[in-house]
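Reader: I have just opened a new structure and would like to learn how to read it. Could you walk me through a few of its features?

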Amino acid sequence: MAPVGALLQRALRVHQVYGANTDVGKTILTTILCNSASKIWKNEQVSYLKPVSTGAQDDADEGSGGVHSPGPSRTTQADLYAPLRMPVILVGDSKLGGISQTVSAFESLRLRGYDVESVLLFRDAVYENYRYLTDYFGDNYGISVESVAEPPKRYEDAQAERDSMTEYYAEVSEQKTVHDILTRLDKRHENRITRLEEMPTKAHGHIWYPFTQHKPLLPDRITAIDSAYGDHFQTLRSQPTTSSSPETNLLRPSFDGSASWWTQGLGHANPKLTLAAAYAAGRYGHVMFAEAIHEPALALAETLLKNIQNPRLNRVFFSDNGSTGCEVAVKMALRAARTRYGWGPDAKLGILGLKGSYHGDTIGAMDCAEPCTFNENVEWYEGKGFWFDYPTVQCTEGKWVVDVPEGLKADLGNGEEFTTMADVFDVEGREQGEGSRKYEAYIERTLEALQKQGRKFVCPGPSLYETHIPRDPLFQRTLVNVVRRSPHLFATGDSQSPAQETDATWKGLPVVFDEVFTGLYRLGRYTASSFLGVHPDVSVHAKLLTGGLVPLCTTLASDSVFEAFLSDDKSDALLHGHSYTAHPVGCQVALESLQEMQHMEKRGSWDAFKQDGWVSPESLQSPETTPRGANDSIVWSVWSHSFIDAVSHNSARVAGIWALGSVLAITLRSEGSVGYKSSAALTLQTRLREGYEEGRWNVHSRVLGNVFYIMTGQKTSRSTVRELETVLREVLMM
Ligand SMILES: C[C@H](N)[C@H](N)CCCCCC(=O)O
């Protein structure tokens, strides 16, 4: 079934009438609006749809209660109709207590992204709520409040009642105030369409886009987003809408295939997250963090340290985004290694990393990456480090293949084939084999050679999954293990041994994991490090941390790293701080988001996905009784095993496919170059953008050269994922 599109047609003007409460006159006032509209637009049709009634059958004469009256599915109406994003006429409450009811209803709607265009209520002579509300909405929000006379007293005799109401309707429907509301709504409707249609051209003239070559960019490649809900943006259809029929819906749902650049987790406009943000904004706004503390930041730090289940980590440093969080991590690791090994301030220190790494776009984070497309034209870029090449993993022709790059075959052999993805991730089992010995020997030889060159390193190293081609987890685990047992390869004569060595003390080099993209359930588990079975000394978390709502990043560190910054000299402190460090809004949203995802794990919300070919039902421990992390041995994806298998056999177009958690990546065969500059995935991206079911919905995606990737949110339903699989299979066959 096609997802729901927000209602926006050129000719059809749809407005939603919400009541501030039940029994506020919604039906009567809507009847007045309909009568009046029929008089103003004589050649047009006016209809009134009452989708749900509240109350007992006999009683159900008044609208559908207030904005939070539940619908049949138990979802409250404000949430139920949010995706349709119809402009709202709010019927105010003219009774005692009605001011508060009206303001509360308005706030509930506004929190959910509704545009309340007008407030309408009875002009009651006793409380005169309309007077207060006129000033309140006018002054604060520029929203006009109109009032009409109250209906006449009721008659017992049905005919008398009918006559009296007919007269009332006829009179009130002619009132200028009512006409004014309708003509204003009409104008707003036109303006909304005009604005949406001009947005791409205006943006083309004024916006400087990230990761975009502007030279070939034309306005028709710019997506105008009206709103978003759940997994979908509501986007303006790209074909020239002026020539389309006036009945065509101008908006359509576009599946957010990049999860809004890997951030989206709990659905766009998730009301729980919105409320968490509003709560913290209401309680604190933003408050200074240095040498201060507030509940959301403390609770978040405690939650992360507890749930990450890494006995090394005991400190949380807050920043605003993954790039700076990684830069902070590198500052931590550099200092810790320099202090322990006695490297002087002039020593050139580098990263011991992996090829193809990407840790963000600040220059410091860029310097952690080897020279590549992302940094080749960045003037200040100066890659600092050594980057290992490594074997990658993909599913090809139904087999999970660990592919060794040509240049490493002499050292690492020709790679291996596995029957299941779980076999690839059985790093402890694989560690017993010959392949592991070869990895160890190669890494040791390389480190010894680097030592002979006098090079000095820290190890931000592994991040499981880079530029969407997964690295062999065993290679990464081996790298960490070799580094940790080889302090002699890094120490110099002036090295200081740690005062007190414990299991949590970093050894060899401080190991940093960039889990910005991979962590917090993106790959199906709380941490990505659990796939490697190693505990980093520093780990960086962002993106899903806030469920896709606001930017926030945490860099977690061990005390052993933290202690390197302790001295009597202020300049030894970690002199790094964002103005919005640990902003309460972000911390509160993160708490809500982590809690929701953990509840989902506990409730077994992903069990059906896990059983789509990844694990047997018996191997799933009961989520109710299982402590978090107990299912961390499971390797699974929301993308079904049968789909991965089928696509992997499309060898004409597909070089390999890979899925873990909510992420799917397809490496396409490419005639020309591979990598970010390749255009191999553009055809697939363009077809998905064109749309399905007569263009009623489409997929908005980003591509990485010859790699097409798509990821779902953590709340995306199984049926949505299966539908996407069908679409992808069709498109790949074209
Ligand atoms: C948004 C995310 N954190 C990174 N900065 C983006 C990484 C490369 C994306 C390239 C692209 O979408 O064209």
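This is a predicted model: local features need pLDDT of at least 70, side-chain atom pairs count only at pLDDT 80 or more; totals for chains, interfaces and linings use all residues.

Reader: Good to know. Let me start with helices α15 and α16: at what angle do their axes cross?

Author: The general idea is to compare the directions of two fitted axes. Here, helix α15 (residues 434-452) and helix α16 (residues 473-484) have axes that cross at roughly 50° and come within 9 Å.

Reader: Which residues of α15 and α16 meet?

Author: From α15 come Ser436, Tyr439, Glu440, Tyr442, Ile443, Glu444 and Leu447. They meet Leu474, Phe475, Thr478, Leu479, Val482 and Val483 of α16. Sorted by class, this contact has 9 nonpolar, 2 polar and 2 charged residues.

Reader: Let me try the other pair. How do α22 and α23 lie relative to each other?

Author: Apply the angle again. The axes of helix α22 (residues 682-690) and helix α23 (residues 718-733) cross at roughly 130° and come within 10 Å. These two helices, α22 and α23, are therefore oblique to each other. The crossing of α22 with α23 is right-handed. On the α22 side the contact is made by Leu684, Arg687 and Leu688, and on the α23 side by Val727, Leu728, Val731 and Leu732. By class, the contact of α22 with α23 has 6 nonpolar residues, no polar ones and 1 charged.

Reader: Now the ligand. Which residues surround it?

Author: Begin with the list of neighbours, then look for polar atoms. Around the ligand are Phe211, Trp261, Trp262, Tyr358, Asp361, Lys543, Tyr676, Arg702 and Leu704. Tyr358 has a polar side-chain atom 2.6 Å from a nitrogen atom of the ligand. For Lys543, a polar side-chain atom lies 2.8 Å from a ligand nitrogen atom. Arg702 has a side-chain N or O atom 2.7 Å from an oxygen atom of the ligand.

Reader: Finally, where is Arg283 placed, and which side chain does its own side chain contact at 2.7 Å?

Author: For a single residue, locate its element and then its partners. Arg283 belongs to helix α8 (residues 271-283). The side chain of Arg283 makes a polar contact with that of Tyr279 at 2.7 Å, and another with the side chain of Tyr284 at 3.2 Å. Along the chain, Arg283 and Leu133 are 150 residues apart, and their C-alpha atoms are separated by 25 Å.

How values were computed
Residues are numbered from 1 along each chain as its sequence is written. Side-chain values use heavy atoms; hydrogens and water are left out. Axes are lines fitted to C-alpha atoms, for helices over the stretch in contact, and angles run from 0 to 180 degrees between N-to-C directions. Helices (H or I, at least four residues) and strands (E, at least two) are DSSP runs, numbered from the N terminus. Contact means heavy atoms within 4.5 Å. Ala, Val, Leu, Ile, Met, Phe, Trp, Tyr, Cys and Pro count as nonpolar, Asp, Glu, Lys and Arg as charged, and the others, Gly among them, as polar. A residue is near a molecule or strand if one of its heavy atoms lies within 4 Å of it. A polar contact is a pair of N or O atoms within 3.5 Å; within protein, one must be able to donate a hydrogen and the other to accept it, and residues adjacent in sequence count only if both atoms are side-chain atoms. Angles under 35 degrees count as roughly parallel, over 145 as roughly antiparallel, 65 to 115 as roughly perpendicular and the rest as oblique. A crossing is left-handed if the near helix is turned anticlockwise from the far one by less than a right angle, and right-handed if clockwise.
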